[in-house]
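Let's take a walk through this fold, starting with the whole chain and ending at one residue. Keep the viewer open as you read.

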Amino acid sequence: MANSSVVPSAYLQGLVPAVPEWLNKGDNAWQMISAALVGMQGMPGLVILYAGLVKKKWALNSAFMALFAFAAVMPCWVLWAYKMSFGEKLLPFWGKAGLAVSQDYLILQTVLPSTQYKHITAAATPLYPTATMVFFQYAFAAVTVILLAGSVLGRMSIRAWMAFVPLWITFSYTVGAFSVWGGGFLFQWGVMDYSGGYVVHLASGAAGFTAAYWVGPRSREDREEFPPNNLLLALAGAGILWMGWTGFNGGDPFSANVDSSMAVLNTHICAATSLLVWTCWDVLFFKKPSVIGAIQGMITGLVCITPGAGLVQGWAALVMGIASGTIPWYTMMVLSKKLPFLQKVDDTLGVFHTHAVAGTLGGALTGLFAHPYLSSLFLPVPNSKGSFYGGRGGVQFWKQLVAAAFIIGWNVVATSIILNVIRLIIPLRMTDEEIEIGDDAAHGEEAYALQGQGRREKFIQNGNGNAQIELEEP
């Protein structure tokens, strides 16, 4: 490869052109656009989705948790976490920590050094600089921890969250990313996760559910009544999330090629089908369509197709959409009211159902439906194909389930350890008084000032010890 003969200092001396021979301008442009689209899924997409879906008194806090996570991941990523995810192997499931901030490193052609497969000596070498890959993968890491936040909205201490984000990215996310994508043992074993059904969605769902257990539930009042404060804002966030998935899945061949086109089309086939199926179940059982239900169905479709977006045919994307609009709907609307452990854990936005269940489902179905030819366009592992196409004894399907078990197990254990360490220093949840008040107690600010000529609401204790609302004086 051209980068092996490039002396980094030559760039600094101006001896190497800004457009070296190995650079593919089309690939680089598409990858940076994809990275921006994924980044926009987090900020502003999930920020305003969360702000609109929660109760009015939690709108600002929920948006800020997402905003803080989006920013906090970046320094962690370039200082140590990128190389832990995509660098040289330290352990079969973990890369060596290292800096990704020097221009000597960032302007060279991207190489993922641990992605060699047995007798295949060439590692993955996309035709653009490392800086592009670092930013692209940062966006995925940031979105993952924001998705996790959806499980603990409405009671987690913002100071505990500020400590949790860098620790979780370091000790949980990097393990899944290296194991499945960066050349770790699941990659070498031939596990299929095209764009993060396991690394992003299953991880965030499992970790979010675990975090919800340790942080504890919302107040009884909030659990019983938690109406969204602005569904139109939530729809705007959902729209950014949906369209942003074009880059989320379309950018993962690391090239602007025919497989990326297939991935984009399959993404939207599955999302639209899932939304329609979820809505049909709502109408059938609850006699009316739900906007929140449509958003949930959209998300489960996007999550389900993610592990197989560029690996399955269009008809399989339709089947996966039907499944993702049905099975997560059942676990959220029916099973969660029957199983005690699902009732006990207060997962605020149902991240377990929309991401853990849908991600596992998508990974399993990819193990069945991954087409041999499409797999050969993307996967460096020889003879990769879904069990539907003649895999021995359904071996790919079982590999997918084993990989899901590893991701779930690691995230449950790592998240539990991280939170129990944090709570030795910082309380994981707000005080009861802060939970009763919400945004004003957490931030000294409120999302809306719609009455009293812009004056904010003020919470005071009455004679009975209960909070009541008055308007602050100008």
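Predicted model: local features only at pLDDT ≥ 70, side-chain atom pairs only at ≥ 80, totals over all residues.

Residues are numbered from 1 along each chain as its sequence is written, and side-chain values use heavy atoms, with hydrogens and water left out.

Of the 474 residues in the protein chain, 55% are buried, meaning under 20% relative accessible area (1.4 Å probe, protein chains only). The chain holds 20 helices and four strands; these are DSSP runs, with helices (H or I) of at least four residues and strands (E) of at least two, numbered from the N terminus.

Now find helix H2, residues 25-53. Its 29 residues reach 40 Å from first C-alpha to last, close to the 42 Å expected at 1.5 Å a residue (that is, 1.5 Å times one less than the number of residues). At the start of H2, a side-chain oxygen of asparagine 24 comes to within 3.0 Å of the backbone nitrogen of glycine 26.

Next, move to helix H5 (residues 130-149), where you'll find threonine 144. Threonine 144 counts as buried because its relative accessibility is 0%. Setting aside neighbours within four places in sequence, threonine 144 is in contact (heavy atoms within 4.5 Å) with Trp168, Tyr173, Val199, Val200 and Ser204.

Methods. Polar contact = N/O pair within 3.5 Å; in protein donor to acceptor, adjacent residues only side chain to side chain. Buried < 20%, exposed > 50% of the residue type's maximum accessible area, 1.4 Å probe, protein only.
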